[in-house]
Amino acid sequence: MGKVNLKPLQDRVLVEAAPAESKTAGGIIIPDTAKEKPQKGKVIAVGNGKKDEPMTVKAGDTVLYGKYSGTEIQVDGKEYLIMRESDIYAIL
């Protein structure tokens with residue numbers, strides 16, 4: 001986990017998505033055009049939370065999030081998702 005010079009605001013979380021699966025359980029190779037967006041990733045940075053709602057995730061947590069959650073951004077040439085903490089379903 002690299003250091004990113006970005007601090008999310010309020011209840012937002014910066015997530016590095018896990019790589020998409022390239023093979024099925026049966027060993028079939030999935031082409032890039034058919035790969036699904038991953039729904040799992042690692043938390044890189046978190047905001048301070050809202051006034052009466054402290055953050056429950058922290059940097060380094062592996063989380064599950066919704067399929068269409070977050071906004072894709074690039075920081076230092078690397079792809080991340082930035083989303084609200086409420087878009088995160090679970091900590092693994």
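This is a predicted model: local features need pLDDT of at least 70, side-chain atom pairs count only at pLDDT 80 or more; totals for chains, interfaces and linings use all residues.

**Entry 1: Glu 85.** I began with Glu 85, which counts as buried because its relative accessibility is 16%. Residues are numbered from 1 along each chain as its sequence is written, and side-chain values use heavy atoms, with hydrogens and water left out.

I found Glu 85 in the loop between strand 5 and strand 6 (88-91). (Strands are DSSP runs of E, at least two residues, numbered from the N terminus.) What does the side chain of Glu 85 make a polar contact with? I found the side chain of Thr 56, at 2.6 Å. A polar atom of the Glu 85 side chain also lies 3.1 Å from the backbone nitrogen of Val 57. (A polar contact is a pair of N or O atoms within 3.5 Å; within protein, one must be able to donate a hydrogen and the other to accept it, and residues adjacent in sequence count only if both atoms are side-chain atoms.)

Leaving aside neighbours within four places in sequence, I listed the contacts of Glu 85 as Asp 11, Val 13, Pro 54, Met 55, Thr 56 and Val 57. (Contact means heavy atoms within 4.5 Å.) I also checked Leu 14: its C-alpha is 9.5 Å from that of Glu 85, although the two are 71 residues apart in sequence.

**Entry 2: salt bridges.** How many salt bridges are there? I count 3. (The rule asks for a side-chain nitrogen of Lys or Arg within 4 Å of a carboxyl oxygen of Asp or Glu.)

- Asp 11 and Arg 84 meet through their side chains at 2.8 Å, N to O. Asp 11 is in the segment before strand 1 and Arg 84 is in strand 5, so the pair ties together parts 73 residues apart in sequence.
- Glu 16 pairs with Lys 78, the closest N and O atoms being 3.1 Å apart. Glu 16 sits in strand 1 and Lys 78 in strand 5, 62 residues apart.
- Lys 58 pairs with Asp 61, the closest N and O atoms being 3.1 Å apart. Lys 58 is exposed at 53%, whereas Asp 61 is buried at 9%.

**Entry 3: the cores.** Next I looked up the largest nonpolar core, which has 11 residues, among them Val 13, Met 55, Val 57, Leu 81 and Met 83. (Such a core is a set of buried Ala, Val, Leu, Ile, Met, Phe, Trp, Tyr and Cys residues joined through side-chain atoms within 4.5 Å.) Strand 1 (12-17), strand 2 (40-46), strand 3 and strand 5 (78-84) each give two or more residues to this core. I noted a second, separate core of 6 residues that includes Val 4, Leu 14, Ala 45 and Val 75.

**Entry 4: Ser 69.** Is Ser 69 buried or exposed? At 10% relative accessibility, I put Ser 69 down as buried. Ser 69 lies in the loop between strand 3 (62-65) and strand 4 (71-75). A polar atom of the Ser 69 side chain is 3.2 Å from the backbone nitrogen of Gly 66. Not counting residues up to four places away in sequence, Ser 69 touches Leu 81, Met 83 and Asp 87.

Definitions and conventions:
Helices (H or I, at least four residues) and strands (E, at least two) are DSSP runs, numbered from the N terminus. Buried means under 20% relative accessible area, exposed over 50%, partly exposed in between (1.4 Å probe, protein chains only).
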